[in-house]
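Subject: Structure handover

Hello,

Here is the structure I promised. Please open it and keep it in view while you read my notes on rings and cores.

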Amino acid sequence: MGEAKRRLQALRLATCICGSGKPAGECCLKGDHWFKAPACLDLSSTRESKSVEKCYMKNLGACGGGLSGEHLISEAVIRLLAGNGEFRISGTPWLAEGEWKAIGPKSLTANCLCERHNGNLHPLDDAALFFFRSLKAAFEEEVKSAVYLVSGHDIERWLLKTLKALAASGNLAAGRQRLAGEFATDIRLLDMLGEVRAWPRGAGLYCVMRAGDTTYNHNHFQIAPLTNLRGEINGLWTNIVGLSFVLLLEPALLPHIPELAQAVFRPGKLLIRHPSSVNEVILSWDDGERHRDEMSLSFVRRVQT
């Protein structure tokens with residue numbers, strides 16, 4: 001017991017695995033377990049009521065400043081994925097089928113958020129950057145084992161934020177047809193961005209990869225909207241550096257999406273096994289449920305490119 005206490009004390013004094021730079025005992029180490037609280041976002045309270053016409057949060061009546069030129073995909077994520085190369089996009093309504101276009105990190109923007117709401121959503125951008133960076137490090141680092149921690153709710157809300165921005169700016173298409181950008185429950189969606197308790201039971205992130213699947217680690221971020229028969233958006237499919245997920249916004253659709261029958265809802269851990277190390281990316285959840293399910297991936301081989 002004495003040795004166990006010493007190890008726990010050393011862990012409490014070490015830098016927290018969430019990337020905050022704080023000692024773990026003053027941050028996310030709660031007793032003998034890890035918990036990363038979701039970001040607290042103030043999207044609706046303001047001293048004066050104001051709506052900026054093109055801000056997709058104007059119905060909250062809490063806008064501030066002018067339009068901000070929102071990045072449709074976080075600029076820091078674009079820079080991370082581009083590395084020393086270029087960032088290319090495909091599949092938008094304004095590109096021909098199969099066409100790829102190289103863009104700069106500051107190019108993919110649209111006037112769909114006011115300055116206040118853009119700034120207040122920034123913690124989600126920080127969480128997404130840490131998540132992408134952690135996955136890349138976990139996949140590529142084979143020498144030493146490392147553990148990373150992120151709030152799963154912040155990743156869900158960042159994906160929703162990205163989907164909403166792409167929809168509001170007219171950059172989503174289905175079958176080469178531009179989508180109107182309407183969501184099945186648009187007002188509740190704004191609540192879901194601001195408060196994790198607003199997510200209905202069964203809505204959230206599903207890992208759709210199955211045992212035995214082979215995937216390739218790559219610097220890609222892919223996204224595709226899920227729509228109902230009226231063309232309204234009710235979720236998305238995404239691939240993040242080789243891992244496939246579905247973000248479901250309408251729990252009633254669960255029985256109608258076969259891929260979700262065996263999917264893991266809100267996985268608690270991503271375990272990446274290399275021949276000489278094991279890296280972990282822990283996703284923290286605050287929904288009153290137990291999330292012990294983990295995705296375990298084993299390194300197979302390097303692919304020469």
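Phenylalanine 132 and phenylalanine 221 are both buried. A caution before you go on: this is a predicted model.

What do these two rings do together? They form an edge-to-face aromatic pair. The centres are 5.6 Å apart, with 80 degrees between the planes. Phenylalanine 132 sits in helix α4, and phenylalanine 221 sits in strand β11 (residues 221-227), so the pair ties together parts that are 89 residues apart in sequence.

Trp158 joins in as well. Ring pairs link Phe132, Trp158 and Phe221 into a cluster.

Which residues does phenylalanine 132 touch, leaving out those up to four places away in sequence? The list is Val77, Leu80, Leu81, Trp158, Phe221, Ile240 and Val241.

Now the cores. The largest nonpolar core has 73 residues. Met57, Phe132, Trp158, Leu243, Leu249 and Leu270 touch the most other members. Helix α4 gives this core its largest share, ten residues.

The structure holds five aromatic pairs. One of them joins phenylalanine 130 and tyrosine 148, again edge-to-face. Here the centres are 6.5 Å apart and the planes 70 degrees apart. Phenylalanine 130 belongs to helix α4 (residues 122-140), while tyrosine 148 belongs to strand β7 (residues 147-151). The two are 18 residues apart. Both phenylalanine 130 and tyrosine 148 are buried.

Best wishes

Methods: Residues are numbered from 1 along each chain as its sequence is written. This is a predicted model: local features need pLDDT of at least 70, side-chain atom pairs count only at pLDDT 80 or more; totals for chains, interfaces and linings use all residues. Side-chain values use heavy atoms; hydrogens and water are left out. Rings of Phe, Tyr and Trp (its six-membered ring) pair if their centres lie within 6.5 Å; planes under 30 degrees apart count as stacked, over 60 as edge-to-face and the rest as tilted. Helices (H or I, at least four residues) and strands (E, at least two) are DSSP runs, numbered from the N terminus. Buried means under 20% relative accessible area, exposed over 50%, partly exposed in between (1.4 Å probe, protein chains only). A nonpolar core is a set of buried Ala, Val, Leu, Ile, Met, Phe, Trp, Tyr and Cys residues joined through side-chain atoms within 4.5 Å. Contact means heavy atoms within 4.5 Å.
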